[in-house]
Amino acid sequence: MMSAAATSVLLAMSAPPYWHCGRTIRQTSFYMLAGLAPAVIMAVWNWGLPAARVMALCVATAVLTEALCQKAMGRELSVDDFTAVNSGLLLAFLLPAAAPWWLVMLGAFIAMTLGKMAFGGLGANPVNTPLVGWAVLFVSFPLFMDPNAMQLATDYMDPLIRLKYFGAAAADAIPFTDLLLGGQINGLGAGQVGALFLGGSFLAARGIIRWQISLGFFLGVAGPAALYYMLDPALNASPFFHLCTGSVMLGGFFLATESANAPARPLPMFIYGLLGGALTIVIRKYGVYVDGTPFAILLVNLLTPFLDLIRPKPFGAR
């Protein structure tokens with residue numbers, strides 16, 4: 001009896017639902033990288049080798065940091081699942097193409113340590129991993145994180161700056177083709193709106209990301225934006241403008257949909273995305289930050305445990 005008890009295995013059951021589609025973490029990471037590939041190409045096309053330098057340095061630092069943390073924690077190395085590559089690339093998308101090397105490495109190090117490994121690793125982090133690194137850099141080094149200050153040698157314009165300080169007419173002067181093709185001052189990858197839409201739509205169609213989150217997020221952005229636009233078109237831009245500026249497209253498809261931070265059921269997913277999109281417009285309208293998408297996603301990440309309490313009634317219950 002004692003020997004049987006000593007060799008017994010304790011099993012821990014988590015709350016349903018359970019998803020299993022046959023894919024591995026590594027396969028999912030490859031799909032994510034495929035979805036990000038068009039934006040990578042467009043970022044290099046628009047910003048040149050400086051963008052490639054930032055992306056390569058960010059990814060390399062993220063992978064090395066995760067490997068060192070796993071060694072220090074006595075765990076088997078799992079950097080070949082490419083989740084660190086995804087996190088590093090997403091962080092790079094939020095940085096200016098002219099960001100200094102030390103800023104890039106510091107952001108990737110903070111993202112992987114404080115945003116992921118400090119909570120136990122993959123799947124245990126309560127908030128989005130790349131956004132943790134971005135937030136620390138944004139608060140600590142606002143000048144180096146400002147694309148307008150770092151990318152002076154360009155003819156592009158920042159549409160959100162023009163909207164906030166010069167009105168909707170100045171913002172509307174920027175052609176929509178420039179917004180779609182990345183011809184705007186923004187994070188090196190966040191501004192590649194058309195490429196992000198193509199990549200994100202591919203991932204949603206393949207079931208890699210949950211379309212309920214993305215749809216809710218974009219509706220959350222477009223709905224309040226349309227309301228403000230109808231109330232005062234002279235001060236407020238159109239919903240399409242808000243969808244094509246800042247990091248809305250990146251956030252709706254790639255940041256808000258991280259499975260570790262998002263709800264697990266369709267209705268909570270939709271509400272989660274809707275709240276994130278609405279918070280984005282509220283921050284843009286009333287806050288000091290012209291974009292607001294990263295902060296909005298960080299805030300709704302914290303609401304995920306409460307949204308997961310929304311559950312269907314058991315079969316047969318009154």
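Buried here means under 20% relative accessible area, exposed means over 50%, and partly exposed is in between, with a 1.4 Å probe and protein chains only. By that rule glutamate 66, at 1% relative accessibility, counts as buried.

Before I go on, the ground rules. This is a predicted model, where local features need pLDDT of at least 70 and side-chain atom pairs count only at pLDDT 80 or more, while totals for chains, interfaces and linings use all residues. Residues are numbered from 1 along each chain as its sequence is written, and side-chain values use heavy atoms, with hydrogens and water left out.

Let me stay with glutamate 66. Glutamate 66 is found in helix H3; helices are DSSP runs of H or I with at least four residues, strands are runs of E with at least two, and both are numbered from the N terminus. What does the side chain of glutamate 66 meet in a salt bridge? The partner is lysine 116, at 2.5 Å, N to O. A salt bridge is a side-chain nitrogen of Lys or Arg within 4 Å of a carboxyl oxygen of Asp or Glu. Glutamate 66 lies in H3 (residues 49-72) and lysine 116 in the loop between H5 and helix H6 (129-140), so the pair ties together parts that are 50 residues apart in sequence. Lysine 116 counts as buried too, because its relative accessibility is 3%.

Now the surroundings of glutamate 66. Contact means heavy atoms within 4.5 Å. Leaving aside neighbours within four places in sequence, glutamate 66 is in contact with Ser78, Val79, Asp81, Thr83, Ala84, Met112, Lys116 and Met117. As for distance along the chain, glutamate 66 and methionine 55 are 11 residues apart in sequence and 17 Å apart in space, C-alpha to C-alpha.

The count comes to 2 salt bridges. Aspartate 291 forms one with arginine 284, and the closest N and O atoms are 3.0 Å apart. Aspartate 291 is at 14% relative accessibility and therefore counts as buried. Arginine 284 has a relative accessible area of 7%, so it is buried as well.

Next, a backbone point. Phenylalanine 82 is found in the loop between H3 and helix H4 (83-93). Most residues other than glycine have a negative phi. Phenylalanine 82 has a positive phi of about 65° although it is not a glycine. At 24% relative accessibility, phenylalanine 82 counts as partly exposed.

Asparagine 186 is buried, because its relative accessible area is 12%. Which backbone oxygen lies 2.8 Å from a polar atom of the side chain of asparagine 186? That of glycine 246. A polar contact is a pair of N or O atoms within 3.5 Å; within protein, one must be able to donate a hydrogen and the other to accept it, and residues adjacent in sequence count only if both atoms are side-chain atoms. Not counting residues up to four places away in sequence, asparagine 186 touches Pro147, Gln151, Gly191, Thr245, Gly246 and Ser247.

Glutamine 184 lies in the loop between H11 and H12. At 1% relative accessibility, glutamine 184 counts as buried. A polar atom of its side chain lies 3.1 Å from the backbone oxygen of cysteine 244. Beyond four places in sequence, glutamine 184 touches residues including Trp47, Tyr156, Asp178, Cys244, Thr245 and Gly246.

Then helix H15, residues 248-255. H15 is mostly covered, as 8 of its 8 residues are buried. Among them are Val248, Leu250, Phe253 and Phe254. A nonpolar core is a set of buried Ala, Val, Leu, Ile, Met, Phe, Trp, Tyr and Cys residues joined through side-chain atoms within 4.5 Å. The largest such core has 77 residues, of which Met55, Phe93, Leu188, Leu250 and Phe254 touch the most other members. Setting aside neighbours within four places in sequence, leucine 250 is in contact with Leu90, Phe93, Leu94, Ala190, Leu196 and Leu255.

Last, the surface. Trp101, Trp102, Met105, Leu106, Phe109, Leu143 and Phe144 make a nonpolar surface patch of about 670 Å². The elements that give two or more residues to the patch are helix H5 (101-113) and helix H7 (142-145). H5 gives the most, with 5 residues. Patches are made of residues with over 30% relative accessible area and no salt bridge, with like charges joined within 9 Å and nonpolar side chains (Val, Leu, Ile, Met, Phe, Trp, Tyr) within 5 Å. Areas come from the Shrake-Rupley method with a 1.4 Å probe; for residues, only the protein chains shown count as cover. Leucine 143 is in H7, and at 54% relative accessibility leucine 143 counts as exposed.
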